[in-house]
Amino acid sequence: MRFNEIFALEDVKKELLNGISRNRIAHSQVFTGPKGSPKIALALAYAQYINCFNKTKTDSCNTCNSCVKYSKLSHPDLHIIFPVIKTSKCTRSVDYLPEWRNFFTSNIYSSLDEWSNFMGDKNPFIYTHEFTSTKECVDSSRLTLYNKLALKNFESKYRVVIIWGPEKMLKIASNKLLKFLEEPPEGTIFLLVSDEINNLLPTINSRLQKTFVPKYTESELIEFYTQKFGPDVHGFSKKADGDISYLLSLQGSTQEIELLRDFTSWMRLCFKQDFLKLTNWVVSISKRNVIYQKKLLNFAISIIRNSLINNFVDNKMLLTSTDEKEFVLKFSKFVNEENSILLILEFENSIGYLSRNINAKILFFELSLQISKMLRIKSSKD
Ligand SMILES: [Zn+2]
């Protein structure tokens with residue numbers, strides 16, 4: 001990964017390059033910032049740059065021995081740790097590395113949520129044995145990071161350990177990592193990459209040199225989109241709200257159109273209290289998978305929020321695509337201070353029930369009844 005493969009953010013790149021040129025390369029660092037800013041890509045570009053044999057003032061060469069291995073994410077002195085689903089006593093990131101490489105190289109802006117989806121919408125964690133010795137992991141014959149860190153670097157000046165999503169570390173794992181940060185092995189640099197730095201142990205947090213990676217501005221996303229796909233006729237750059245990965249997912253799928261279509265007909269049937277057609281709607285939605293059903297409910301929450309913004313703030317602040325905006329402008333007449341919280345709570349609770357494998361048909365039918373009542377609640381100010 002080179003710096004110039006990452007769109008914009010010239011100030012952040014400059015700050016990183018300045019630090020390196022002054023030989024200020026801290027052994028414990030964190031790349032932090034809101035979800036959807038390209039922190040993992042920047043951490044990899046940074047790691048490749050400090051190890052490049054022919055670097056220029058602004059980027060790595062991408063052709064030297066080190067860069068070639070880095071660009072394939074296969075350098076022996078590069079270790080990437082990320083949340084995983086446990087399939088055996090000692091499952092570690094390295095067991096998922098081929099999948100992770102494919103996942104990351106297909107979209108360098110990928111988020112942790114997308115990785116969770118990729119893993120089957122489960123909740124992955126970083127487990128303790130990422131940081132323990134081979135002995136403590138009986139079913140593993142390979143050297144663990146712990147064992148490798150005790151050895152000299154294979155071929156590079158800086159061995160780099162990237163930890164993506166350290167907020168997903170179990171507490172015992174955090175304590176093990178803290179030991180490394182307290183007594184860093186020679187020539188080793190830890191680069192944590194985190195959306196939620198406040199969820200790290202304070203003792204870890206306080207040791208990290210921080211690089212803040214901001215989210216993209218709307219005009220940056222419009223430029224990015226236009227360069228890649230042409231004019232943004234759907235208004236996806238606005239909806240993405242600075243999250244470049246989300247922008248790519250909006251562009252890459254027809255699902256947004258499907259969600260709006262399903263939601264529109266659902267609300268229309270609820271409002272009309274047309275229970276026959278509503279039953280048909282519920283049956284068709286209950287046949288979709290849980291991921292889609294949850295997306296629909298999250299979509300519903302975002303429409304309610306945007307309806308409130310439209311009613312009480314300013315429709316210029318709406319974070320919607322063009323088609324959604326058109327819908328929100330009409331639908332917001334039925335959303336008010338009396339029913340909005342109730343609706344959001346119903347949708348949120350339903351997402352929780354879906355996670356517990358409740359029967360989707362019953363859930364969506366009950367929910368539809370509640371919504372049909374709530375949509376008829378008038379604002380007390382009317
Ligand atoms: Zn190079």
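Begin with helix H2, which lies across strands S1, S2, S3 and S4 and runs at about 165 degrees to S4. Such angles run from 0 to 180 degrees between N-to-C directions, and the axes are lines fitted to C-alpha atoms, for helices over the stretch in contact. Two residues are in contact if their C-beta atoms, placed from the backbone, lie within 7 Å. Helices (H or I, at least four residues) and strands (E, at least two) are DSSP runs, numbered from the N terminus.

The model is a predicted one, in which local features need pLDDT of at least 70 and side-chain atom pairs count only at pLDDT 80 or more, whereas totals for chains, interfaces and linings use all residues. Residue numbers start from 1 along each chain as its sequence is written.

## The whole protein

Of the 382 residues, 36% are buried; a residue is buried if 20 or more other C-beta atoms lie within 10 Å of its own, exposed if 12 or fewer, and partly exposed in between, with C-beta atoms placed from the backbone. Among contacts with a separation of 6 or more, 70% join residues 24 or more positions apart.

Next, colour residues 3-215 as domain 1 and residues 253-374 as domain 2; these bounds come from an automatic or database domain assignment. The C-alpha centres of the two domains lie 38 Å apart.

## The sheet

Select the five strands. They form an open sheet in the order S2-S3-S4-S1-S5, with parallel pairing. S2 and S5 (209-212) stand at the edges with a single partner strand each, so one side of each has no neighbour in the sheet. From one strand to the next, the twist averages 20 degrees. Two strands count as paired if DSSP finds at least two bridges between them.

S2 (residues 78-81) is joined to S3 by four bridges, and here Ile 81 stands opposite Ile 163. Six bridges join S3 to S4 (residues 188-194), where Val 160 has Ile 189 as its bridge partner. Show helix H7 (residues 171-182) as well: S3, H7 and S4 make a right-handed β-α-β unit.

Move to S1, residues 28-32, which is joined to S5 by four bridges and to S4 by five. Four of the five residues of S1 are buried. Select Thr 32 to see both pairings: Ser 194 stands opposite in S4, and Phe 212 is the bridge partner in S5. Gln 29 stands opposite Gln 209 in S5.

## The cores

A nonpolar core is a set of buried Ala, Val, Leu, Ile, Met, Phe, Trp, Tyr and Cys residues joined through C-beta atoms within 7 Å. Select Ala 43, Ala 47, Ile 162, Leu 191, Val 193 and Leu 247, the residues that touch the most other members of the largest core, which has 63 residues. Helix H2 (residues 39-51) gives the most to this core, with nine residues. Apart from it lies another core of 22 residues, including Val 282, Val 328, Phe 347 and Leu 367.

Residues up to four places away in sequence aside, Leu 247 touches Leu 221, Tyr 225, Phe 236, Ser 237 and Ala 240. Leu 247 is one of the buried residues of H11, a helix with seven of its nine residues buried. Display helices H5 (112-118), H9 (218-229), H10 and H12 (255-272), which are among the elements that cover the buried residues of H11.

Finally, select Asp 241, in the loop between H10 (236-239) and H11 (244-252). Is Asp 241 buried or partly exposed? Asp 241 counts as partly exposed because 17 C-beta neighbours lie inside 10 Å.

Notes. A crossover is right-handed if, with the strands pointing away from the viewer, the path from the first strand over the helix to the second runs clockwise.
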